[in-house]
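These are my notebook entries on one structure.

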Amino acid sequence: MTLRLASLRSVVAAAVLAAVALTPGAAVAAPTLAWAPCTEEDLLGLDCTGYEVPLDHDRPRGGTTTIALARRPATDPDRRIGTLFVNPGGPGGAGRFLAAVADLLLPPEVLARFDVVGFDPRGIGASDPVQCFATDEEAAALLSRMSGVPLTAEQISSTLRANHEYTEACKRNMGALLPHMSTLNVAKDLDLLRRAVGDERLTYVGYSYGTMIGATYVNLFPQRVRAVILDGNVDPDQRANRRLANKFDRAGGFEVALDGFLRACDAAGPACAFAGGARAKFDAMRERLRQGPADVPPFGTVTIDDLTGFISSVLYDVRAFPDAAATLQALHEGLSGTAGRAAGVPPMALEALPPRGGLADAYAFNSNDAFFAVNCADAPLPRDPARYPGFAAAFEAAHRTFGRAEAFSEVGCANWPRIEERYAGPWDRRTARTVLVVNPTFDPATRYDFAVRMTRQLGNARLLTLDGFGHASGDSACVTGWYARYLVEGAVPPAGTRCAQDVAPFPAVG
């Protein structure tokens, strides 16, 4: 569950991050990282470095792996307080780019006093990236045999076979990092990075899967917590110990967000191009495409994978809602053979989601490979692939739009090597400072219920609710204000605090 860039820009607009020290604290050792100017085009103007951490933390004198970092230094170094580590999620999301957009994330007074450090977790991005295939072409050819929403016997069989072959390729080619990719190791790496920058306690903001990193850290190192924000939350206990149930609930989270989108559309009337029985129209399109592909001008051939991938992506970013509604209306008119208000409106691209991540001019599927390496290590799933079609039927009986896709999305874990090196709890260690948990009510990928559970499971946490849409919080001055008070003063919102979103999902026309 990565915080996608479109969603991140929504978060940026609300200035989600505000990170200054709670108190100056005692002096700490000088940083031990050797920073130098970044040479990659997307990171020019920042400082970069690599830091060696143990490949296996149980054997600290053994082999090592490199963690790649990028830093935007405090603009007023004489008043510098510390380092804010940030992670965008995934798993499989490279995090150095967050330092490059720090001026969009953080207010000037925070940038003046705080270094912002993004890091690519082990095996991801520039951190000794794992790789299951020799070339992009090999990876793409195998992934093309997988259906996002496999419905026919042929699609199911092809998807299961391709996932099995995918995992076998990872076993052959991923190398020494494969058994050491769990979140447990990422949290231990993060503590070494905290020490390397000279901070006595950790300041961290994690989005989406980054909340799993944060939850693991605060339970491994509860007295080393200075200020930790978890935004767009997983349910850590369910994810680690009941992954199949967790995936069922994830599908339900997307359904809740979709229903909210469709209801808001109808409520907006003329401001939403898809208004007027939006739920019925969407369901009719979904059921038609479940029967097979359709040729729909101006889109061309449209599949159920395309529709499911498109709407799931849209739900991440409230600012995409108006254009998405126009696209859905155009698709509805094309499928039904009617001409209406969408005529002449250029639609958004309607296609399945691309592979997860990738670096320019490098193997493009590292993020996808790492996604499985982390999830299959962290969250055991049933190991008999033949059971997954039954899971899919049960999932979609409850969650018609997203259940089948979610049930098959990690079937590659069925034959992944068994990994014992993971953290599965306890989750209730009392931290030195209160952890701030933040979540929108209509978050698709990390549903609001997960944030409620995260807050209850942690030993010292407070939930801040955003009544709004999108993946992780954004577009709310109220949320921004609480972030600033928490990070600057250590103040937490009163129990039950709710914030409004300042951007309407379908702004009034005219």
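Helices (H or I, at least four residues) and strands (E, at least two) are DSSP runs, numbered from the N terminus. Residues are numbered from 1 along each chain as its sequence is written. The model is predicted, so local features need pLDDT of at least 70 and side-chain atom pairs count only at pLDDT 80 or more, while totals for chains, interfaces and linings use all residues.

Helix 14 reaches 18 Å from its first C-alpha to its last, close to the 18 Å expected at 1.5 Å a residue; the expected span is 1.5 Å times one less than the number of residues.

I then turned to packing. The largest nonpolar core has 77 residues, and F85, W416 and L458 have the most contacts inside it. Helix 14 (residues 366-378) supplies the largest share of this core, seven residues. Apart from it lies another core of 41 residues, including C265 and Y316. I take a nonpolar core as a set of buried Ala, Val, Leu, Ile, Met, Phe, Trp, Tyr and Cys residues joined through side-chain atoms within 4.5 Å.

For L458, I set aside neighbours within four places in sequence and noted contacts with A215, V218, N219, L230, W427, D428, V435 and V437; contact means heavy atoms within 4.5 Å. Of the 510 residues of the protein chain, 58% count as buried.

Next I examined the backbone. A cis peptide bond joins G90 and P91, with omega about -5°, and P91 lies in the loop between strand 4 (82-87) and helix 2 (97-100). The bond from P297 to P298 is also cis, with omega near 0°; P298 lies in the loop between strand 8 (294-296) and strand 9 (300-302).

D128 has phi near 45° and is partly exposed, with a relative accessible area of 34%. D475 has phi of about 60°, yet D475 counts as buried at 4% relative accessibility. D475 lies in the loop between strand 11 (461-469) and helix 18 (477-489).

Methods:
Side-chain values use heavy atoms; hydrogens and water are left out. Buried means under 20% relative accessible area, exposed over 50%, partly exposed in between (1.4 Å probe, protein chains only).
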